[in-house]
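I opened my notebook to look at one structure.

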Amino acid sequence: MIITVKQTCRICGNNQLSPIFDFGSMPPANTLVSKSDFAHEQPFPLQLMACFDCAFMQLRHVVAPDLLFRDYAYMSSSSQTYLDHFSTLADTLITRFKFPARSLVVDIGSNDGSLLKAFQVHKMHTLGIDPARNLARLAAKQGVQTVCAYFTEPTAKKLVQKYGPARLITATNVFAHIDNLQDFLAALDILLTKDGIFFAQFPSLVDLLEKNAFDTIYHEHLSYFSITALKRLFGRNHLDLFDVDYSPIHGGSLRIFVQKKGGGMKKNNRSIHSFLEREQQFRLHEPKPYMQFAQNVQKVERNLRRLLKKLRDQKKKIVGLGAPAKGVTLINILRLGTKEIDFITDSTPSKQGLYTPASHIPIFQEEVLRKWPPDVGIIFAWNFADEIIQKTQFLKKRGFKYIIPVPKVTVIS
Ligand code: DWN
C-alpha cells in the first residue's frame, strides 16, 4: 500500500483526533526530481491531527516508508554546524555514561554515518541501521559499518545474534519518522543491554508551535512529540524515561534518555518536571495553541507571498539558499515556482542538478551565486542561517537582502 490512513492516536490509541491543518496534496519533501520524473510525480494528502489528551500531533496519512526512505536525498554531513553538533553529542554521551572502549553503539537512521564517526573517535564499536541504499553504501565507504534495513523486531533479533547487544542506541531525527512505535520499542528491548541507554533527539512540539515551524510538517514526520506524550508511551512499554534535555538544533529539539525498567540510572525528576511544566503552561491539552498555530501559518504564508510579489515587481533576482525538506514544503504550501524564485543552491552534491518536486525550481551548487549574484536570498534552511549567512558574505553588495521565513517573515539587509 502506497498510503494508509492512521485513524487512532499513535500514543494512546484513541480515535478522538482533532484536525489542525490541511496542507492539501503535497509531494514527499525529500524527493527531489529530475526533468524525466516530472510526468510521474505523485503528491499525497498532508493533514495534521492532534490528540489533546496526549499533547501530541500526528499526520492522518502514512506514506509507504520504502517510497520515502529507500533512496534518501538528505545527508547529515551537508552542514558543518550539524557535524559539530554530532561531535559534541558523542563527547557528551561518552563522558556522561563512561561506556568502556569497544562498547557497541548502534545509530538508528544512521544516514551517512556522521554521528557514528564521532563515536569512533572515542574507540566505540559502531553499527549503523538505515533503510536508504544510497546512504548505507556511502557510510560503508567512509568506514561506518551499516545494515541497510528498518529497525524492527525481526531486524533486532538478527542484529543481536550477529553483533551482540548494544550499550548505547541513538536515534537522532528518526523517532518521529516511525509509524509502528510499539515494534520499534520491542526492537529496542531486544538489542539494548540490561544497563543500556537509548538516546533520541527530535523536534519539540512546543517549539514547532511557538516558532510557526509549519515547514517542518511533511510526510516523513509522522509524529510531533511532547514529553507528556512520551512519558505515557514509555511508561506503557516498561521503559524508564530518566532524563530530558534540550538543544536548539533544527529549530529546537527535545533530547530524551531512556533505560529499561530497573536500569541503574537515577531519574532526573527536576528536568523532566520542568519540561512537563512548560507543556502545561503552553496548554498543549487544549485546542487553543494549535488553532493559534494554524492562524500563524496563514499569516506567514500571506506575508511571504506579498513580500515576494513586491520584490518581483521591482525586478529583483530572488534565489533560495539551501534545499532542505522544509524548504520544499514551504515552496509547495505557498505554491511558489520559478515565477517567484529563479533557482536554489544547496551544498549537498546529490541534490545539485535536480529540481524541487511539483514546483520544479532548479537546484545548483553554491558556487553559482558568485557567477549569478542575486538581489535576495530566502534562507530555506533557516535552522542553519548563521552558517549560510557567514558563507555568503560575498553577496553583501548594496541592497542585498536575506529573507528568513519562520518564525515570522524577517528581512535582513
Ligand atoms: O528530520 C530531518 C532533518 C534532520 O533533516 C529529515 N526528515 C530530513 C532533513 O530535513 P531538512 O532537509 O529540512 O534538514 P536540514 O538539515 O535543515 O537541511 C539543510 C539543507 O541545507 C541541506 O540540504 C544542506 C543545505 N545547506 C546548504 O545548502 N548550505 C546547509 C548549509 C549549512 C549550507 O551552508
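**Around the ligand**

I looked up what surrounds the ligand in this predicted model. I found 27 residues around the ligand. The closest are Glu-220, Lys-326, Asp-346, Lys-351 and Glu-366.

Next I asked which kinds of residue make up this shell. The shell divides into 9 nonpolar, 11 polar and 7 charged residues.

I began with His-177: a polar atom of its side chain lies 3.1 Å from a nitrogen atom of the ligand. I went on to Ala-325, where a polar backbone atom is 2.8 Å from an oxygen atom of the ligand. I ended with Asn-383. An N or O atom in the side chain of Asn-383 is 2.9 Å from an oxygen atom of the ligand.

How much of the ligand's accessible area does the protein cover? On its own, the ligand has 710 Å² of accessible area. I noted that the protein covers 98% of that area.

I also wanted to know which elements supply the shell. Two elements give two or more residues to the shell: α11, residues 325–333, and α13, residues 385–391. The largest share, 3 residues, comes from α13.

**The second largest pocket**

I turned to the second largest pocket. About 270 Å³ of space lies in this pocket. I found 14 residues lining it. Which of these residues are closest to the centre of the pocket? I wrote down Asn-30, Leu-32, Asp-71, Tyr-72 and Ala-73.

The largest share of the lining is 3 residues, and I traced it to α1.

I sorted the lining by residue type as well. The lining of the second largest pocket divides into 6 nonpolar, 4 polar and 4 charged residues.

My last entry is on Ala-50. I located Ala-50 in strand β3, which covers residues 44–51.

Is Ala-50 buried or exposed? Its relative accessible area is 0%. Buried means under 20%, so I wrote down Ala-50 as buried.

I then compared Ala-50 with Ile-333. How far apart are Ala-50 and Ile-333 in sequence and in space? In sequence, they are 283 residues apart. In space, I noted 20 Å, C-alpha to C-alpha.

Note on methods
Residues numbered from 1 in each chain as written. Predicted model: local features only at pLDDT ≥ 70, side-chain atom pairs only at ≥ 80, totals over all residues. Heavy atoms only, no water. Near = heavy atom within 4 Å. Polar contact = N/O pair within 3.5 Å; in protein donor to acceptor, adjacent residues only side chain to side chain. Areas by Shrake-Rupley, 256 points an atom, 1.4 Å probe, with all protein chains shown as cover. Helix = DSSP H or I, 4+ residues; strand = E, 2+ residues; numbered from the N terminus. Nonpolar A, V, L, I, M, F, W, Y, C, P; charged D, E, K, R; others polar. 1 Å grid on protein atoms, 1.4 Å probe; cavity = no way out; pocket = protein on both sides within 12 Å on 5 of 7 lines; lining within 4 Å. Points joined across faces, edges and corners; volume = space filled by probe spheres on them. Buried < 20%, exposed > 50% of the residue type's maximum accessible area, 1.4 Å probe, protein only.
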